[in-house]
Structures are given as structure tokens and as C-alpha cells.
Amino acid sequence: MEDFIKIKGARIHNLKNIDVQIPKNRLTVITGVSGSGKSSLAFDTLYEEGKRRYLMFSGTQFMIDSAQSFDSITGLSPTVAVEQRIIRQSNPRSTVGTRTKISNMLAVFFAAYGKHGNAYDDGQPLSMEMFQRNSPIGMCIKCLGKGKIYKLDEEKLFGDLSKPLHKLVFNLGSRGITRKMLESYCRYYGVSIEQNADTLTPEQLHSLLYGDGGKTAFPGFVPWIMQVINSQSGRLRWLLTKDGYLSLMACPKCGGIGLGEQAMHTTVWGKTITELENMYIKDLYEFLLKHKSTTAGVNLIGEILTKLECMVDVGLHHLALSRPVPTLSGGEIQRLFLASFIIAEMDSITFIFDEPTIGLHEVEKEKLIGIIKNLVHRGNTVVAVEHDENFMKAADYIIDLGPEAGIFGGERIFQGSFSEFMTCTDSRTSPYLSGRREFAVKKNYKPEDKTRLLTIKNAGLHNLKNISLDIPLGLMVGVAGVSGSGKSSLIADTLVPMLRELLKSQFTEDDEEEEDFDEYSGAMVLGTEHISKCVVVDQRPIGRSRTSCPATYTGIFDRIRKVLADTEGARKNGYTPGLFSVNSEGGCRGCKGEGVIHHYVGYGNFIDLECEYCGGTGFVEEALEVKLHGKNIREILRMSVLEGADFFKDIDKPIYNMLVTLKRVGLGYIKLGQRTPTISGGEAQRIKLARELGKRQIKGSLYILDEPTTGLSFDDSEKLITLMQELCYNGNTVIVTEHDPVVLSNCDYIIELGPGGGSEGGYVIASGSPGELKNSRKSIIGRYLL
């Protein structure tokens with residue numbers, strides 16, 4: 001039996017025919033600068049081959065018959081991988097409780113041992129389905145289990161009827177199926193689609209707005225709008241919300257719970273299932289442990305406690321079972337999967353993780369490292385793509401790729417023990433670990449201007465303990481604290497929604513992002529007169545379609561298409577910019593521009609087969625025939641940011657400037673046409689930051705960032721810190737939620753929440769300069785600052 005997994009000739013993406021060996025039953029870290037080829041080796045080579053072999057032996061009909069991206073892989077055991085980007089594929093109604101099956105177990109427990117409220121006891125036996133929001137039996141009939149409904153301000157939306165019928169509601173009746181239905185209405189009532197709505201009779205107007213009971217194909221504007229916004233994710237909902245015609249509110253029937261009457265009024269130990277699901281996991285564990293011996297369902301409660309204990313151990317104590325999975329960070333979702341692996345007690349498996357320490361405070365990382373090492377002790381092989389120093393020190397084996405990103409990376413720089421890695425002179429990573437190169441740490445902190453403060457008063461959302469604090473403007477301000485201490489509740493859930501409301505047009509965030517209804521529990525924000533513009537740069541996914549990419553999101557794709565349409569070959573054939581878009585006339589009809597056909601093979605896995613019509617390009621043949629300086633649209637989109645910057649330097653200045661900005665935020669390696677579902681939260685955030693930095697800068701702006709160094713190597717983190725400091729030197733403010741001691745050490749001011757997570761957090765335990773926190777007995781992060 002071999003002691004190593006041996007990979008020979010790995011050459012996918014930027015990997016340059018490298019040979020690598022990974023010791024079995026050991027913890028191996030793959031490191032290197034961002035874009036050096038780490039994920040290509042760990043996930044696109046090792047994991048994909050493990051999955052292919054499983055499918056081959058399982059007898060599936062879907063087999064990939066394309067050329068291998070390596071010469072050979074030997075010694076590979078069954079492989080399980082959890083990537084950061086898996087969160088993008090989650091069901092929007094999936095929660096921590098449904099994902100871990102704990103909510104199902106609680107539903108069974110309540111069905112067996114729940115007590116009806118006297119007024120709601122109909123004599124019918126309770127069933128598990130009554131306590132499940134996704135079940136027709138258990139869901140609230142008004143909101144269908146969502147707990148929220150959309151409210152349309154009809155008076156405001158239809159306040160001005162001096163418009164043609166088809167131009168009402170953002171020209172909704174001017175196109176598509178709505179136009180056809182509206183024409184049906186017009187024919188029946190003998191009116192023109194160009195006729196102003198205020199000329200209709202009261203009966204005609206009522207039928208136009210609310211429908212006529214099926215006399216025509218048009219259901220009425222109000223029912224049609226509600227159908228569209230509830231069944232589709234699109235622009236109409238965003239437009240209505242943005243202009244104040246549509247709001248999201250708690251369902252008045254169930255009070256936002258999402259369950260029917262029976263579940264709302266059935267209790268165990270005085271608690272409803274919703275109250276248990278809304279507890280922090282640590283508090284729920286303690287509550288169930290206290291009552292375990294008082295019930296007949298001791299075995300079921302014991303299983304639930306085992307699952308909850310594992311979740312506490314992997315640093316998820318601050319979550320609740322009701323927390324939606326799409327709102328979790330990449331690190332949190334990996335630890336959620338890790339908890340399930342621990343419970344299953346599997347061995348002889350190869351586990352592959354993608355920066356599992358993301359989102360963890362320094363004191364929490366030690367415990368996680370110990371848990372992952374226990375996986376190894378059970379007889380498993382663990383491979384982790386990581387940048388964290390302590391994680392690397394705990395590893396048995398290090399593989400370093402580089403030396404740079406993209407086409408300048410993809411080489412194996414080192415493989416061996418951590419101590420040997422310290423002497424590696426070719427690595428961009430080892431100098432930071434060995435002390436040969438040190439991070440630049442700010443020594444002189446920008447002083448506070450007491451006349452320019454952003455003040456938050458009475459913040460009491462979630463676990464915040466009605467706190468008040470000042471955020472000095474014009475500085476780089478760090479927000480620190482252990483997981484669940486209240487950082488997101490303070491910044492993302494209190495400050496951001498209030499700034500959105502107060503600043504209105506001066507507030508900038510992702511277009512067309514669906515906003516939840518805001519609830520900031522009576523908090524106040526003062527000092528917004530000092531802010532000229534607020535830019536929120538978070539880790540939510542960019543782009544809404546599978547074919548969107550960094551080029552489309554940053555706006556340079558339109559210019560690229562125009563430049564191609566302006567070439568001699570395109571002009572001669574009468575081609576328009578639309579030919580160079582897979583979402584328009586240039587998209588392959590067979591795969592709708594994706595280049596692959598998706599086949600579901602079970603257990604959440606898909607196999608993608610190359611489209612036989614376009615050969616995987618996603619474009620029609622005519623689009624590929626047009627060349628710009630010898631490159632067609634497909635070849636341009638396959639360029640990295642670094643390659644693209646060199647290519648467009650003398651062709652188009654705005655394209656070049658945006659690509660240089662992407663490079664400055666540590667994304668020189670990313671492909672211009674890389675599909676957004678494959679982009680991590682940290683990468684998405686830096687793309688958003690680059691797009692904002694590419695616009696005209698307004699002095700006095702406030703930038704709010706959420707762990708922007710996620711996924712960055714030491715070298716790239718240093719560049720991003722410099723960029724954030726430049727923003728402050730130019731008269732702006734940066735508020736950055738972070739765990740990284742290097743980033744926090746380079747802030748001018750730190751606000752630390754804690755002392756613990758969940759119910760043990762929610763206080764401001766320290767604030768001041770990094771130097772002051774290092775000398776503070778109350779500060780937890782202070783001891784880790786540089």
C-alpha cells in the first residue's frame with residue numbers, strides 16, 4: 001500500500017505539468033500567492049478525479065470523455081471536498097437546522113411530546129409535517145412558509161394615471177407576455193394600448209388594476225406584479241423596491257414564523273419549536289441538556305445534543321438553527337460540513353477544505369485545528385488550501401505553488417515539512433513565516449477628529465446589549481471580536497440599513513440585490529452630514545446569471561464588444577456588439593452560451609458535458625471568426641487580468657484602467673470571463689471594490705468592507721491594506737470587519753465586541769488605537785496584534 005497520493009503531470013488551468021505527492025493519513029496544506037494554482041490542484045485535479053472514479057464504479061451513464069488534465073494519480077481514496085463557493089448553490093430556504101437535519105429531529109420530537117394550547121387543540125394527532133415550513137401541512141397559508149410577504153403601495157404606484165396603459169409600472173406592458181395579455185384586455189374593452197389610463201371608466205380601471213375574473217387573459221396589474229415578484233428573481237422587484245413602491249414585511253398571519261396555527265401554539269418545556277430554532281446553538285445545547293432527563297424521548301434528545309456539541313466544537317456556537325444557509329460565510333458553511341463529518345466518524349477518506357479558518361477569531365482557530373487533526377488521527381487524509389500561519393505550522397506537510405499568479409504561477413515551488421519550508425528561498429510565502437520578511441505595521445495612527453464622528457446609539461438588534469459608540473471618520477476603523485460577538489449585527493444589520501435609509505441616493509451597494517426588511521430595534525445614527533457617499537462592499541455573490549463574469553460586472557465587457565464590432569472584419573459583415581455576447585445573438589443555441597450541458601447525477605452532484613454544438617466555447621461560429629490583434633472574443637475572455645491589462649494597454653484606456661485596479665486589489669490572476677458561480681465571497685468583494693475604485697472618487701466617502709483579505713496570501717494582503725490606507729489618506733473613511741491581526745494592526749482605530757459569542761457577546765469591550773488595545777486588559781484581540 002502506497003504512503004502517498006502521487007499526482008504526475010497536472011496541467012489544468014495554469015498548472016505547468018507539475019508532479020506532487022501528498023502523504024496519506026496526514027494534514028497537508030497547499031499554499032502560495034492568490035491565483036498560483038492551489039484550487040486547480042486541490043479541487044479541479046484531486047477532487048474531480050476522485051469524483052470521476054466514484055461515478056465510474058457507480059455505473060452512472062454520465063462519463064466525461066475529454067482529455068485528462070494530468071498524466072496519472074495513484075493512491076487516491078474516496079474524496080470529499082467542501083469549497084467556499086458551495087454556498088452559492090444553496091437552496092435559499094435551506095437553514096442550518098434543515099441542512100444538519102436537527103430541525104427534522106425537533107419536528108419529530110414535538111410531534112411525539114408536544115402539548116397543544118387549549119384554544120388550538122382540535123383533537124387531531126400531531127405529525128412531524130406540522131412543524132416544517134416547507135411542508136404544505138405545516139407552512140403558513142398566507143406566506144407559504146417564508147415568514148415574509150411583499151406589500152405593494154398601490155396608491156403611490158398608480159398615483160399618476162396620465163400615462164399610456166403599456167407605460168404603467170416601468171413600461172411593464174410594453175414587451176413580452178405582459179404586452180400580449182394587455183392587448184387581450186384592450187380588445188375586450190375596446191380601448192387602445194396607447195390610451196392614457198385616466199381616460200378609462202371606473203369599471204375598466206378596476207379591471208386593469210385587479211383583473212376581471214377571467215373575461216380576458218390579463219389578470220390585472222396588481223395580481224400580475226405579485227405573481228412575477230414572488231415567482232421570479234428579477235429587475236421588476238428591484239425597481240419597485242428601490243423607488244419605494246414595494247416593501248418586505250413580516251407576515252401578519254404567522255408573525256414572521258412561517259408555520260401554521262398548530263405549530264405556533266404547541267410547546268415542549270414551555271417553548272415552541274420556533275423559539276428553540278431561534279436560540280443560539282450554545283444556548284440550545286444547554287437548554288436541552290438541562291431537560292434531557294425529564295422526557296421519554298431521551299434517545300432522540302441525545303442525538304440532537306451530539307450534533308449540537310459538534311457544531312459548538314467547530315466554532316458555530318453563535319449560529320441559530322433558523323439561520324438561512326445562503327447567509328453563511330464560506331468558512332461557516334465548511335465548518336457546518338465538518339461537523340457532519342465528525343458525527344459520521346468516517347475513516348480512510350481524503351478530505352479537501354478551502355480555507356476553513358475563514359471568519360474565525362485567533363482564539364477559535366486553535367480548537368478548529370485540533371478538530372481537523374482528529375480527522376487525521378482517525379485514519380483520514382486532509383488537504384487544505386490555506387494562508388493562515390498557525391494552520392500551516394500545525395500541518396505535517398506543505399506544498400507551495402507559484403511563484404506568482406496566473407500564467408506566471410502554476411509551478412511547484414516546494415513540498416516537504418514546515419521546518420524545511422522555512423528555508424525555501426523561492427517562495428513568496430515562507431519569508432513571512434520565517435521572519436525574513438515582515439509585514440509593514442503602522443506606527444503612527446491618524447488622530448481622531450472629535451468634530452467628525454459617526455455615532456450609533458441604542459443598538460440592540462440580535463445579541464447587541466443596547467450599546468452606543470462613536471466611529472471616528474477619516475480613519476481606517478477595524479471592527480473585531482470573536483465569532484457571534486455582534487460585529488455583523490452592529491455593522492451589516494444596524495449601521496448599513498440605517499445609512500441606506502438616511503443617505504438614500506448617496507448610498508451605494510450592489511444593484512438588483514434583494515434586500516430583506518430592515519429591523520434595527522430602535523437604534524439611531526448621528527453624524528451622516530459628514531458623509532458625502534457610502535459604499536458597501538460585501539461578500540454576496542456578484543451577477544445573477546451563470547454566464548455573468550468579472551468583465552460583465554465591472555462594465556468593461558460592453559467596451560470589449562464595441563471594440564470587436566469596430567474591427568474591419570466585423571464592419572464588413574455588418575456585425576453588431578450583440579454578436580459578441582453569449583446572452584444575445586452570439587450565444588450558442590445548444591447550451592444557451594454556457595459551453596456545457598448540466599446533468600444531475602444525484603447527491604447534489606452534477607456532471608458537465610461539453611456542448612457538442614459549440615465545442616465548449618458558448619459562442620456561435622461567426623463571433624469567433626472576428627479577431628482583435630489576433631485574438632477572438634473567447635480568447636480575450638480566457639485572459640487573466642494581468643494578461644488583459646497588457647493586451648488592452650494601447651487599445652482602450654478605460655478597459656486598461658479597470659484591469660489595473662483589479663490587479664491592485666489582488667485579482668491579477670482571475671480570468672476576465674470566469675463564471676461568477678465559481679468566484680468566492682472574498683473575490684466577489686474585491687471585484688466590487690475595484691468597480692467602485694474605478695469610478696470618480698468623492699472625498700468624504702465611507703467604505704464598509706467585510707473581511708476583504710479572505711483568500712489572500714500574505715503578499716496580496718499587504719497590497720490591499722496599502723490600498724485601504726490610501727483611501728483614508730485621501731480624505732475617506734474605511735470601516736473593515738476583520739479577524740486578521742495584520743489588518744487590524746494597520747487600522748487607526750479598533751472597536752472590539754465581545755467578550756464571547758451569542759448571548760455572551762454584544763458589548764463593546766475595548767476601543768482605541770491598536771497600541772491602546774495591546775495594553776488593554778479587557779481586549780482579547782490586543783494580545784494578537786503586531
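**Close-up views of a predicted model**

**View 1. Strand β3 and the two strands beside which it pairs.** In this predicted model, strand β3 and strand β12 (residues 397–402) run parallel and are joined by 5 bridges, where helices (H or I, at least four residues) and strands (E, at least two) are DSSP runs numbered from the N terminus, and where two strands pair if DSSP finds at least two bridges between them. Within β12, Tyr397 is the bridge partner of Thr28. β3 also pairs with strand β11 (residues 381–385), in the parallel sense and over 4 bridges, and there Ile30 has Val385 as its bridge partner. Because 6 of the 6 residues of β3 (residues 27–32) are buried, the strand is largely enclosed by the rest of the structure; buried means under 20% relative accessible area, exposed over 50%, and partly exposed in between (1.4 Å probe, protein chains only). Leu27, Val29 and Thr31 point one way from β3, while Thr28, Ile30 and Gly32 point the other way, and all are buried.

Residues are numbered from 1 along each chain as its sequence is written, and side-chain values use heavy atoms, with hydrogens and water left out. As the model is predicted, local features need pLDDT of at least 70 and side-chain atom pairs count only at pLDDT 80 or more, whereas totals for chains, interfaces and linings use all residues.

**View 2. An open sheet of 7 strands.** The strands of this sheet follow the order β17-β19-β22-β23-β16-β24-β25, with mixed pairing. Its edge strands, each pairing on one side only, are β17 (507–508) and β25 (763–768). Strand β22 (residues 701–706) and strand β23 (residues 733–737) run parallel and are joined by 5 bridges, and the bridge partner of Leu705 in β23 is Val736.

**View 3. Helix α26 and its surroundings.** The 12 residues of helix α26 (residues 653–664) should span 16 Å at 1.5 Å a residue, and the end C-alpha atoms are 16 Å apart, which agrees; the expected span is 1.5 Å times one less than the number of residues. At the N-terminal end, Asp652 caps α26, with a side-chain oxygen lying 3.0 Å from the backbone nitrogen of Ile655. Ile655 is itself one of the buried residues of the helix, together with Tyr656, Met658, Leu659, Thr661 and Leu662. These buried residues pack against α20 (550–554), α21 (556–565), α25 (641–648) and α27 (681–693). Just after α26, Gly666 takes a positive phi of about 85°.

**View 4. Glu635 in helix α24.** Glu635 has its place in helix α24 (residues 633–637) and counts as partly exposed because its relative accessibility is 34%. Leaving aside neighbours within four places in sequence, Glu635 is in contact with Lys627 and Gly630, where contact means heavy atoms within 4.5 Å. Between Glu635 and Asn134 there are 45 Å in space, C-alpha to C-alpha, and the two are 501 residues apart in sequence.

View 5. Buried residues make up 56% of the 786 residues. Among contacts between residues at least 6 apart in sequence, 69% join residues at least 24 apart.

Technical notes: Polar contact = N/O pair within 3.5 Å; in protein donor to acceptor, adjacent residues only side chain to side chain.
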